[in-house]
Amino acid sequence: MREKTIWDLIFYESPNLKKVIIKLNKEKNMRKKMADTIRFLAADMVQEANSGHPGAPLGLADIMTVLSEHITLNPKNPNFINRDRLVFSGGHASSLVYSMLHLWGFDVSLDDLKNFRQLGSKTPGHPEYGHTPGVEVTTGPLGQGVANAVGFAMAQKFISKRFPEIDHKVYCLCGDGDLEEGISYEACSLAGKHNLNNLVIIYDDNSISIEGNVEIAFNENVKERFEAQGFRVVQINGHDYEQIDLALKIAKITDKPLLIMAKTTIARGAVGLEGSHKTHGAPLGEEVIAKSKEVAGLNPNEKFQIPADVLERFRCMIERGELAEAEFNKKANLAEIKAFFEKDYSKIKFPSFAKGEKLATRASNGKILNAIAQTIPSFLGGSADLAPSNNTHLDGEEDFPTGRNLHYGIREHAMGAINNAFAAYGFDSYVATFLIFSDYLKPALRIAALSGHKNYWIFTHDSIFVGEDGPTHEPIEQIATLRSIPNSYTFRPADANENVACWRTALKLQNAPVAFALTRQGCEVVTDCENVDKGGYLLSEDENAEITLIATGSEVGLALEVKEKLGVACNVVSVPCFELFDEQDEEYKNSVLKPNTKKIAIEVASAYEWYKYADEVINITTFGASGKGGDVYKHFGFDAEVIANKING
C-alpha cells in the first residue's frame with residue numbers, strides 16, 4: 001500500500017480545504033459548461049445561416065465566460081452612463097456578440113439568434129450601432145474597434161474630470177488582423193501617451209489569419225510593441241479560467257492601459273478542426289458540430305441549447321447591472337450630468353460678418369467653433385497636428401483631458417474612429433485636417449454615416465488655391481468622394497456669412513455626420529443669407545435670365561464676377577450643400593434652377609456630380625500644379641473673363 005504524502009494528509013485531514021477544492025472543481029466545471037454553451041450557440045448560428053465566422057467565437061468563449069463575472073452592464077438599460085464599454089473590434093465574431101447579449105439578458109431573443117445574417121434581422125453579419133441593443137459601435141473594418149475603444153477611454157477620462165463618479169472601464173477584444181492594421185498603432189500610441197488606465201485590450205492571440213498561420217505576414221513582438229507604447233502587458237492561457245480571472249482583476253487596478261495577451265486556439269472544441277484557419281470564415285458542418293457537442297456533454301441532436309443553470313448564471317448580469325445603476329444614481333448628480341450633455345443650439349451667439357469683409361472660410365469657421373463651445377459644454381475636438389492651420393483651437397480651453405482641445409498628432413485614421421466613439425458617448429465632437437488628407441480617415445467617416453453618428457469633420461485647404469504645395473496637397477476628387485457617402489452632408493460655404501448659415505443648418509441635422517470644406521484663401525463676403533436649410537438658393541436673380549450659374553465655396557464669388565461680364569441675363573445659385581439640395585422636391589429645385597435657362601456649374605474640383613443638374617460643368621479633370629494660389633487658379637481657367645468668353649462662345 002502506497003505511503004501517504006504530506007499532500008494526502010492535508011487533503012484528507014483538512015475537511016475545509018477539501019470543501020474548497022471540491023468547490024473550485026465545481027466552479028471550473030460550471031465555467032466550462034457556460035463556455036461550451038457560448039461555443040455551440042455561435043456555431044449553430046453560423047451553421048443555420050450557412051454563413052459567418054465560427055472560429056473566433058469558439059476560441060474566445062472561455063474568456064467571455066469569465067469576463068461576464070467582471071464587466072458591469074445593465075441589459076435592462078443599455079444606455080446606463082456608467083456601464084463598462086465593450087467593443088468587439090473583430091466584428092466578424094458577431095455570433096459571439098449576439099450570443100452574449102442574449103445570455104446576459106439584452107433585448108436579443110433566441111429567435112434573433114436563429115435569424116443570424118438574415119435580411120431585416122436584429123443580428124446582422126457585423127455588429128451595427130443603433131441596430132442591436134447592447135452594441136456600442138459598428139465594427140467590421142479591422143482596427144476601427146481598437147481606435148473606438150481608445151476613444152471611449154478618452155471620453156471617460158474627460159468626463160471623469162467633471163464627474164468623478166463616472167469611473168467605468170473600457171474592454172476591447174481584438175485579434176491579429178486588428179493589430180496588423182495601422183490604425184491600431186496610431187490609437188494605442190495615443191492611449192499610452194494619455195495613460196488611459198481605464199482601457200483593457202484583450203488580444204485573441206490565436207496565430208491564425210484567413211490565409212493560414214500569421215507568421216506568413218506578421219511576426220513582430222506584440223508584447224514589446226505595446227510596452228513601448230506605454231501599456232502594461234499580461235500574458236495568459238486564454239483557456240485557463242484562473243489565469244483569465246487574475247488578468248481581469250489586474251485590469252481593475254492597473255496604473256496604465258492594459259493589454260491581455262490571451263493565447264487561444266481558434267475553433268476550440270471543434271472536433272478535428274481545432275486550430276485550423278479553415279474555421280475562420282466558414283460553417284463547421286453539421287457532423288463536426290454534433291460530434292463536438294457530444295464530446296462537450298451536450299445533446300448532439302439539439303440546436304441552440306441553453307441549460308437552465310447556465311442561463312441563470314449569465315442572467316445575473318441583470319441584477320448586478322441594476323444594482324450598479326441604483327448605487328450610481330444615489331451618489332451621482334444626475335441633473336448636472338444631464339445638463340452637461342444637453343444641446344440647446346438656439347442659445348449660441350454666432351459671429352456676424354459685414355458684406356465686403358474678406359477672410360478665409362477656415363478663419364470664420366474658427367470663430368464659429370468658439371461660439372458653439374461657449375454654449376455647448378460637450379462640444380470638443382481637435383486636429384491632426386494642424387490646429388493653427390485648421391483654426392480649430394478653442395480659446396480659453398485647456399488641453400485634453402482637463403480641457404476640450406484634443407491634440408491627435410499626425411494620426412488621421414485613428415482620429416476619425418475616436419471621433420465616432422466620442423459621438424457614441426454623447427459628445428458633440430469634431431476633428432480636422434486638410435481636405436486632401438480626408439482620404440486617410442475615409443473608413444471612419446463612412447462608419448460614422450453608417451452608424452448615424454452626429455459629429456463634425458472639418459477639412460480646410462479645399463482647392464488648388466493651396467498653391468505652392470502643389471498637386472500632392474491640392475484636392476481634386478475629395479469633395480465628390482465626400483458627397484458620394486450615403487447619410488452624410490458636406491458643406492462648402494461661399495463666405496463667412498454662409499458659413500454661419502451652414503453651421504445653423506448642420507446643428508439641426510440628426511443622425512448623420514457633417515463635413516465642411518473650407519478655404520485657405522480669403523473670400524469676400526457676398527451673401528447675407530439667414531439659412532441654407534434647403535442646400536441651395538438663388539443668390540442673384542435676373543427676371544429674364546437665359547443662363548444659371550451654379551457654384552459652391554470660393555467659386556460663388558467668381559460666378560458673380562462672371563455674371564457681370566456676360567452679355568446676357570444670368571442667375572447665380574449658391575449650393576453650399578449638394579446633398580441637402582438633392583433631397584428637395586422638384587418644385588423647389590425648379591424654383592432655383594430655372595428650367596428655361598442653360599445651367600452651368602462652376603467648381604474647382606472633379607465635380608462630375610453636377611451633371612445631374614447642369615448642362616455644362618466647368619471643373620478640373622487633372623491634378624493641380626505648384627505655384628501661387630491665384631496663378632494656379634487662373635492657370636486652370638478659373639477666371640471671370642475666361643469663363644465669360646467660354647460661355648459666350
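How are α17 and α18 oriented relative to each other: roughly parallel or roughly antiparallel? Before selecting them, note that this is a predicted model, in which local features need pLDDT of at least 70, side-chain atom pairs count only at pLDDT 80 or more, and totals for chains, interfaces and linings use all residues. Residues are numbered from 1 along each chain as its sequence is written, and side-chain values use heavy atoms, with hydrogens and water left out.

**The helix pair**

Select residues 412-425, helix α17, and residues 438-451, helix α18; their axes come within 7 Å and cross at roughly 15°. Helices (H or I, at least four residues) and strands (E, at least two) are DSSP runs, numbered from the N terminus. Axes are lines fitted to C-alpha atoms, for helices over the stretch in contact, and angles run from 0 to 180 degrees between N-to-C directions. Angles under 35 degrees count as roughly parallel, over 145 as roughly antiparallel, 65 to 115 as roughly perpendicular and the rest as oblique. The two helices, α17 and α18, are therefore roughly parallel.

Next, display the side chains where the helices meet. Glu412, His413, Met415, Gly416, Ala417 and Asn420 of α17 are in contact (heavy atoms within 4.5 Å) with Tyr440, Leu441, Pro443, Ala444, Ile447 and Ala448 of α18. By class, this contact of α17 with α18 has eight nonpolar, three polar and one charged residues. In this classification Ala, Val, Leu, Ile, Met, Phe, Trp, Tyr, Cys and Pro count as nonpolar, Asp, Glu, Lys and Arg as charged, and the others, Gly among them, as polar.

**Serine 184**

Move to helix α8, residues 182-193, and select serine 184 within it. Serine 184 counts as buried because its relative accessibility is 0%; buried means under 20% relative accessible area, exposed over 50%, and partly exposed in between (1.4 Å probe, protein chains only). Leaving aside residues up to four places away in sequence, serine 184 touches Val146, Asp178, Leu179 and Arg225. With arginine 225, the side chain of serine 184 makes a side-chain polar contact at 3.0 Å. A polar contact is a pair of N or O atoms within 3.5 Å; within protein, one must be able to donate a hydrogen and the other to accept it, and residues adjacent in sequence count only if both atoms are side-chain atoms.

**Backbone geometry**

Most residues other than glycine have a negative phi, and most peptide bonds are trans. Select asparagine 50, in the loop between α2 (15-49) and α3 (55-67): its phi is positive, about 55°, although it is not a glycine. Asparagine 50 is exposed, with a relative accessible area of 59%.

Then select asparagine 195, in the loop between α8 and β3 (199-205). Asparagine 195 has a positive phi of about 50° and counts as partly exposed at 34% relative accessibility.

Proline 401 lies in the loop between α16 (387-390) and β10 (405-407).

**The whole protein**

Finally, zoom out. The protein has 25 helices and 20 strands, and its C-alpha atoms fill a box of roughly 115 × 50 × 45 Å along the principal axes. Of its 649 residues, 59% are buried.
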